[in-house]
Amino acid sequence: MAICVLDAQTLKVEIVNDSFIAVAGKPRKKILGNFYWDTFPEARSYYESALAGAISDGNPYTAREAERKVIRNGRQETVYMTLVYAPLKDTAGKVKKVAVWVMDNTLQVSQRQKVEESEKFARTVFYNSPVAKLVYTGPEMFLHQANEKMLEIFGKGDSIIGMPIMEAAPELKETHLFGAYTKVLSTGEIHTQTAARIMFIKNGLPYYGYYDYTYKPLYNAKGRIYGVICTEEVIARNKLQEAEQNMRGAVELAQLGTWSIDVASNGLIYSERLIEWFGYDPAAQPYNEVIPILLEEDQQRVAKAVAWGLNPESGGIYDEIYTVIHPKTGKKRILLLEKIEKWLRDYHKDKIDP
């Protein structure tokens with residue numbers, strides 16, 4: 001502790017230790033025996049009244065980690081100091097001396113500011129991240145923090161922060177999330193899941209989404225795991241996959257046949273049912289070579305209809321009735337052709353990009 005002692009009447013320095021000289025950055029001869037404010041004029045405007053008050057009322061004065069500009073070794077520096085004026089009284093209670101205690105806190109304050117700045121930066125990145133992020137803590141899986149993107153996924157407000165997630169979103173009890181969290185908490189192993197199908201309740205209705213997420217352990221100062229940080233991203237492409245799966249299920253249920261054209265190559269993809277109806281798989285041929293399987297009177301009309309359906313100006317709308325002849329059995333089938341792209345877009349207009 002840097003210490004010097006002043007006479008309460010003259011404010012001349014009577015005692016000074018080496019630590020005070022080091023903190024002051026002034027030679028001993030400039031301090032010892034001199035008027036206190038002559039030695040430290042840069043501090044006079046800040047503390048002259050405080051020193052006078054400590055002498056007059058006999059009560060100590062303390063300034064903690066005060067930011068000040070001081071002259072050290074002939075140079076001005078910005079420092080943080082804890083300063084105490086402690087009155088020393090005689091047996092009659094009169095203040096005779098004042099002990100000045102000084103502690104240089106510049107290093108500690110600087111380190112703390114760096115930590116605070118780092119934490120502020122981390123919080124800014126966390127809360128403004130375009131990726132959903134949250135922090136779980138404790139064996140109960142408390143939702144410690146969650147950014148706006150994550151709350152959007154939950155379909156809930158920030159009132160759920162601080163709650164066990166299985167209480168805030170009870171629908172998650174049926175998922176694997178708690179088991180994955182518990183494993184990371186106990187082993188410290190990072191857990192990654194891709195395209196996980198998870199149900200949330202939004203506006204009272206179940207909502208299924210697909211998510212890539214990662215659980216990473218969080219360690220305290222003692223190296224013990226106390227929680228998990230989760231980053232989660234919605235997988236938009238799986239919405240389309242789910243829509244297509246629903247479409248295929250509906251097609252099978254209705255016992256429909258389907259085919260599609262690769263516009264760039266004119267290649268064809270046929271469903272199993274359509275291959276059965278046609279009597280062979282024409283996928284290796286361009287669609288214009290498949291036309292002859294139709295009755296002769298239908299060929300030109302259907303070819304024009306297909307060509308028009310591929311034109312953006314058509315709006316994806318056409319339907320034709322035509323007859324196909326099985327090449328082996330000679331059996332005729334009358335088929336209704338509708339462009340399935342339009343049906344798929346209408347059926348899933350809220351789920352996929354047209």
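Mentor: Start with a cut-off: a residue counts as exposed over 50% relative accessible area, and as buried under 20%. Partly exposed lies in between. Keep in mind that this is a predicted model.

Trainee: Is D18 buried or exposed?
Mentor: D18 counts as exposed, at 56% relative accessibility. R28 is partly exposed, with a relative accessible area of 34%.

Trainee: With which residue does R28 form a salt bridge?
Mentor: A salt bridge needs a side-chain nitrogen of Lys or Arg within 4 Å of a carboxyl oxygen of Asp or Glu. R28 pairs with D18, and their closest N and O atoms are 2.5 Å apart. R28 sits in helix α2 and D18 in helix α1, so the bridge ties together parts 10 residues apart in sequence.

Trainee: Which residue does E65 pair with?
Mentor: E65 forms a salt bridge with R112, with 2.7 Å between the closest N and O atoms. This pair links distant parts of the chain: E65 is in strand β3, R112 in helix α5, 47 residues apart. E65 is partly exposed at 31%. R112 is partly exposed too, at 36%.

Trainee: Is R72 buried or exposed?
Mentor: R72 is buried, with a relative accessible area of 11%. R72 bridges to E77, the closest N and O atoms being 3.4 Å apart. E77 is partly exposed at 25%.

Trainee: Which residues are linked in a network of salt bridges?
Mentor: D7, E14 and K97 are. The structure holds 10 salt bridges.

Trainee: How many helices and strands are in the protein chain?
Mentor: The chain has 13 helices and 14 strands. Buried residues make up 38% of its 354 residues.

Methods:
Residues numbered from 1 in each chain as written. Predicted model: local features only at pLDDT ≥ 70, side-chain atom pairs only at ≥ 80, totals over all residues. Heavy atoms only, no water. Helix = DSSP H or I, 4+ residues; strand = E, 2+ residues; numbered from the N terminus. Buried < 20%, exposed > 50% of the residue type's maximum accessible area, 1.4 Å probe, protein only.
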